Amino acid sequence: MPRKLILPYLCLLYFINYLDRVNIGFAGPNGMSEELQLSATVFGFASGVFFIGYLLLEVPSNLALHRFGARKWIARIMISWGIVATAMAFVPNGTVLVALRFLLGVAEAGFFPGIILYLTYFYPQRERARIVALFMVAVPISTAVGSTFSALLIQWTDWRTMFLIEGLPAIALAFVTWFWLPDKPDDAPEQPAEEHWPLKKALTHPRILALSFVYFGIVYGLYTLGFFLPTIIKGLAPGAGIVERGLINAIPYVLGAVAMVLWARHGDRTGERKWHVAAPMLLGGAAIPVALYLDNPIAAMVAVSVCAIGVCAALPTFWALPTSFLGGAAAAGGIALINSLGNLSGFAAPYVTGWLRDITGTQKTGLWVVGITMITAAVVALVQRAGTEKV
């Protein structure tokens, strides 16, 4: 595969990966919850249990990628997640749904941190936030485009067919990955050994744990929006059809995609990292609880859009922090640990939000928790040392 095509190809893979991860959020309010008789708590648990499997295998999976090569390991991951994602089309009840979501997390473990590690082979630190932003723009795009596509599939068929159709591309592209994705560039520069942390240090150092909490806060906002925004929009616009709600759902993520790229470029240009992570988190954390206190649907969508902009802008610049002082096996383990611990919020966010909705009868309490978590994580980001400082 020509080098210039690698980043667009990785974006395509992440688009499919993220869509298969969050399309349950669109299936829920469009027939799945009713057919399977899911409460908000069970739906939240099924959405979030994915990340328990993620946590268990993330670090060993990324170490395997570092050892065996990106081409084979990423292809293995894609076949595994594609099989489970298509099996979602045949789920008979809530118990099997929870089991399949757990297995989906096991199957996908190592994909995202593996790609972040893979990008460090090709791009230097000074370009990393911009490159990660171009890769991660697949997140808002998959939500924006994917929500509309998912809505059309459900309207034309049903939620089961949506799972089937959206799971098959991962299996097909696994073969493309196996035969054409290079493991490393031929001219990949090696970092000086003194810049690398040993693997044990990367897996136990308080700095890595602190960065894991920062990422936890960012992802908490991301997955709360991903899993519950379609349900929120249904409440704000009860008269809208499935496709119309899908288009409304896309608005915050289109804005977030633009903000993600522009903010990351600014971070690379200035070389500043901490405020480029913390400032959008503070903005998003302050905006999200406000959304459901606004009676006007347009005003509420503005608040939700501001939160999406904050979350999306913080994501790529965050990964410039750990990759500035980790390399080799330490990068494989450290990046995976940060991603796995941070993505526990993918379990906590939908489960806690759904549980609070069941016991309070409103989304407001859960969204206050989102805002407080994001703001606290922003403060932790600000007290971190700059990436190039010695520990």
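This section describes the nonpolar core, the helix packing, selected residues and the cysteines of a predicted model.

The largest nonpolar core contains 125 residues. Those with the most contacts inside this core are Met32, Trp81, Phe135, Phe318 and Trp319. Among the helices, α13 (residues 206–236) gives the most to the core, with 13 residues. Phe318 illustrates how the core is joined to other parts of the chain. Setting aside neighbours within four places in sequence, Phe318 is in contact with Leu211, Val214, Tyr215, Ile218, Val277 and Ile338.

Helix α13 also holds Leu209. Leu209 has a relative accessible area of 42% and is therefore partly exposed. Its contacts, not counting residues up to four places away in sequence, are with Thr204 and Leu341. Leu209 and Ile338 lie 129 residues apart along the chain, yet their C-alpha atoms are separated by 7.1 Å. Ile338 is also one of the residues in contact with Phe318.

Two helix pairs were examined for packing. Two packed helices are described by the angle between their axes and the distance between the axes. On the α5 side, the contact is made by Phe50, Ile52, Gly53, Tyr54, Leu56 and Leu57. On the α7 side, the partners are Arg101, Phe102, Leu104, Gly105, Val106 and Glu108. By class, the contact of α5 with α7 has 8 nonpolar, 2 polar and 2 charged residues.

The other pair is α18 (residues 345–360) with α19 (residues 364–382). Here the axes come within 7 Å and cross at roughly 145 degrees. Helix α18 contributes Thr353, Leu356 and Thr360 to the contact. These residues meet Thr365, Gly366 and Val369 in α19. By class, the contact of α18 with α19 has 2 nonpolar and 4 polar residues, with no charged residues.

Phe347 is placed in α18. Not counting residues up to four places away in sequence, Phe347 touches Phe45, Gly48, Val49, Phe51 and Ile52. Of these, Ile52 also takes part in the contact of α5 with α7. The C-alpha atoms of Phe347 and Ala46 are separated by 8.7 Å, although the two residues are 301 residues apart along the chain.

Thr376 is found in helix α19. With 37% relative accessibility, Thr376 counts as partly exposed. Thr376 and Val132 are 244 residues apart in sequence and 24 Å apart in space, C-alpha to C-alpha.

Pro169 lies within helix α11 (residues 159–180). Its relative accessible area is 31%, so Pro169 is partly exposed. Between Pro169 and Ala75, 94 residues apart along the chain, the C-alpha separation is 12 Å.

Gln37 stands out for its backbone geometry. Phi of Gln37 is near 55 degrees, a positive value in a residue other than glycine. Gln37 sits in the loop between α3 (32–36) and α4 (40–48). Gln37 is exposed, because its relative accessible area is 73%, against a cut-off of over 50%.

The model has 0 disulfides. Cys11 is in no disulfide. The nearest cysteine sulfur to that of Cys11 belongs to Cys312 and is 14 Å away, whereas a disulfide needs the sulfur atoms within 2.5 Å. Cys11 is buried, because its relative accessibility is 16% and the cut-off is under 20%. Cys307 is likewise in no disulfide. For Cys307, the nearest cysteine sulfur is again that of Cys312, at 9.1 Å. Cys307 has 0% relative accessibility and so counts as buried.

Methods
Residues are numbered from 1 along each chain as its sequence is written. This is a predicted model: local features need pLDDT of at least 70, side-chain atom pairs count only at pLDDT 80 or more; totals for chains, interfaces and linings use all residues. Side-chain values use heavy atoms; hydrogens and water are left out. Buried means under 20% relative accessible area, exposed over 50%, partly exposed in between (1.4 Å probe, protein chains only). Contact means heavy atoms within 4.5 Å. Helices (H or I, at least four residues) and strands (E, at least two) are DSSP runs, numbered from the N terminus. Ala, Val, Leu, Ile, Met, Phe, Trp, Tyr, Cys and Pro count as nonpolar, Asp, Glu, Lys and Arg as charged, and the others, Gly among them, as polar. A nonpolar core is a set of buried Ala, Val, Leu, Ile, Met, Phe, Trp, Tyr and Cys residues joined through side-chain atoms within 4.5 Å. Axes are lines fitted to C-alpha atoms, for helices over the stretch in contact, and angles run from 0 to 180 degrees between N-to-C directions.
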